[in-house]
Structures are given as C-alpha cells and as structure tokens.
Amino acid sequence: MQISVVIPLLNEEQSLTELYNWIAKVMRSNSFSHEIIFIDDGSTDNSWKTIEALVNNDKAVKGIKFNRNYGKSQALHAGFLRAQGDVIITMDADLQDNPEEIPELYQLIKEKGYDLVSGWKKKRYDSVISKNIPSKIFNAAARKTSGVKLHDFNCGLKAYRKEVIKNIDVYGEMHRYIPVLAKNAGYSKITEKEVKHQARKFGKTKFGAERFLNGFLDLISIWFLSKFGRRPMHLFGALGVLMFMFGFISAGWIGISKLYKLYHGLPNVLVTSNPWFYIALAVMIIGSQLFLAGFLGELILRSKREKERYLINKTTPNL
C-alpha cells in the first residue's frame, strides 16, 4: 500500500463526508493504493455514524472510536499503530488542510528521500491576535530550542516515511513536536513544504489560547527528555553532588573559623547564630534530595512498563 491518511477528529460530522470525497478524488486521479483512517477522539455528535457510513461505501475507509476524549497525540498514536502505507499523511478533519497537497508530499518522501515533510501554512486564515502572533512566537522558540528549522511545527498536514512513525512514541500533547521526536530518534532528513491553508468551513476550533502555554511547557519537557531522559542521574546527581559539596565545605569553614577564634581568644558567636550555617545546611539537604531524585529516576527508568494510555471503544470491521 502506498499511502495511509491518518485523520484525528473531534465533533467534525459536518466536514467528514466532504473531506472523504476530496481525498478519494485525489487518490483516484493519481492511482494511489491507499487507506483512510479516521480516529474519533470521543466525539459527542454523529461523527462516528458518519464514519461507519463511509466505511460501508468504501473499504479503504477505516475507523477507530475512543471511549472519551484523550487528545490529538493519543489519536495519532492509535492511527500510527495501524497504518500500513509506505507513506503516512496526517491531516486535520476541519477542511483547513488541502488534500491536493498529498501527491507532492508523497513524492518528497518516496523520490527525494526525506524522512518527514512538514506543512508550512505561510498564509493563514486564523485570527492574527489569538493565533497567528502567538504561533510565530511559539515556532521561533521551538526552532531555537530543538534545532529543527521549521516555520510551522503545529501544522497538522505532514508526511512521514513508514519507519519513522513506527519508531517514535507520540504521547501527552507531543503531536506538535513529532519532527523533534523524529530528529531525536535519528531521522535527520526533515524538510517543510509550503501548503495552502483553507478557511474553516464548519464549526469552531477545538484549541484555545492555553495550547500555546501547554506547548511551551511541552517544549521544555522534550528538551529535558532529549538531553537527560535516559540518564537522569547525569543532571540531578551532578547538581546534587555539587550542592552537597558546596554546603559541606561552607559548614566546614564555619566550624574551622569557630575553632580558630576560640583557640586565639578572639570574639566569636555561636555557630547557630551564624546565618551562613543555615544556608550551608539547606544547600546540603537540597543537594542530597537532588541526588536521590536522580537515583530514583534511574530506578524508574529501568523498571517502567508500557501501559495503555487510552481506551478504544470500537473499531470498524475492516481494521
């Protein structure tokens, strides 16, 4: 199979049939062997019924329904596990991504040899204040921190070589950082393609301003995990040892000074009256805690077990 189109969705019943027809037209005109996987992330409208109707008319359509809303990353994870195409295309279900981009994205993967191609919505039809400006700031921070030179990390329209999505773990809200996860996994052939952005036709966006705060927090997390995720002792242990040694030496200096002054009959104060004693003691305690955090992190890393992060309510019979 040449292409798997993976589409996470939440309450998009109005757009699904039109999106399917558009994708199917592109696939037929290019003679692509394909599958279209819809992941219903806990919709409360008739999205699942629409998916079932599409499956009955076209066996290339497949569906997964979550028990409740778990988030876009979990939906992509479920779709990636089941995708069979040589090239996996992800897109949003709100008709803002243009399926006409699929053939060129496919060629960039298969003919140009890229591992991942990310869409770049250079011209957007979103609110300038609430989405465009925060998005530019967010993307600039992501480029600087990750070293991946993309203009639009959060674009839902992306193409992947099959082995990439089978070897990265999309969790939490890390869907916007899949290019960074791919780079950290050793897939360095990453590029971007300018794509058309459509104005939203139905409904309203599912993402509010809080996604940018969450995005920055996730960016810090992924930076930390990429640097120290497999060796937490290197960070916490090193900081703990440095702080403990600083506190220990400071306490030792206070004690030696006290003994020196007593021996030479110089005026002195009680050790417990010296504020530096408490500072040194606090630094030693914090250092010990950091060292223990690193040690516990190593134990957890070596004993962790995979567990389900979402519950699938049902799948279509052809999946």
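1. By class, the lining of the largest cavity has five nonpolar, four polar and three charged residues. This is a predicted model.

2. That cavity has a volume of about 70 Å³. The structure holds one cavity of 30 Å³ or more.

3. Which residues line the largest cavity? Lys72, Leu76 and Thr90 do, together with Phe153, Asn154, Cys155, Gly156, Lys158, Tyr160, His175, Arg176 and Ile178. Two elements, α3 (72-82) and β6 (158-161), each give two or more residues to this lining.

4. Now to strand β3. The strand spans residues 61-66 and is mostly covered. Six of its six residues are buried.

5. In a regular strand, side chains alternate between the two faces of the sheet. Which residues of β3 lie on each side? Val61, Gly63 and Lys65 are on one side. Lys62, Ile64 and Phe66 are on the other. Both faces are covered, and each of these residues is buried, Lys62 and Lys65 included.

6. How does β2 run relative to β3, parallel or antiparallel? Strand β2 (residues 34-40) runs parallel to β3, and five bridges join them. Phe38 stands opposite Gly63 in β3. The chain passes from β2 through helix α2 (residues 47-57) to β3. This β-α-β crossover is right-handed.

7. Strand β3 also pairs with β8 (residues 312-315). Here the strands run antiparallel, with three bridges between them. Phe66 stands opposite Ile312 in β8.

8. To recap β3: five bridges join it to β2, three join it to β8, and both its faces are covered.

Conventions: Residues numbered from 1 in each chain as written. Predicted model: local features only at pLDDT ≥ 70, side-chain atom pairs only at ≥ 80, totals over all residues. Heavy atoms only, no water. 1 Å grid on protein atoms, 1.4 Å probe; cavity = no way out; pocket = protein on both sides within 12 Å on 5 of 7 lines; lining within 4 Å. Points joined across faces, edges and corners; volume = space filled by probe spheres on them. Helix = DSSP H or I, 4+ residues; strand = E, 2+ residues; numbered from the N terminus. Nonpolar A, V, L, I, M, F, W, Y, C, P; charged D, E, K, R; others polar. Buried < 20%, exposed > 50% of the residue type's maximum accessible area, 1.4 Å probe, protein only. Pairing = 2+ DSSP bridges. Right-handed = clockwise from strand over helix to strand, strands pointing away.
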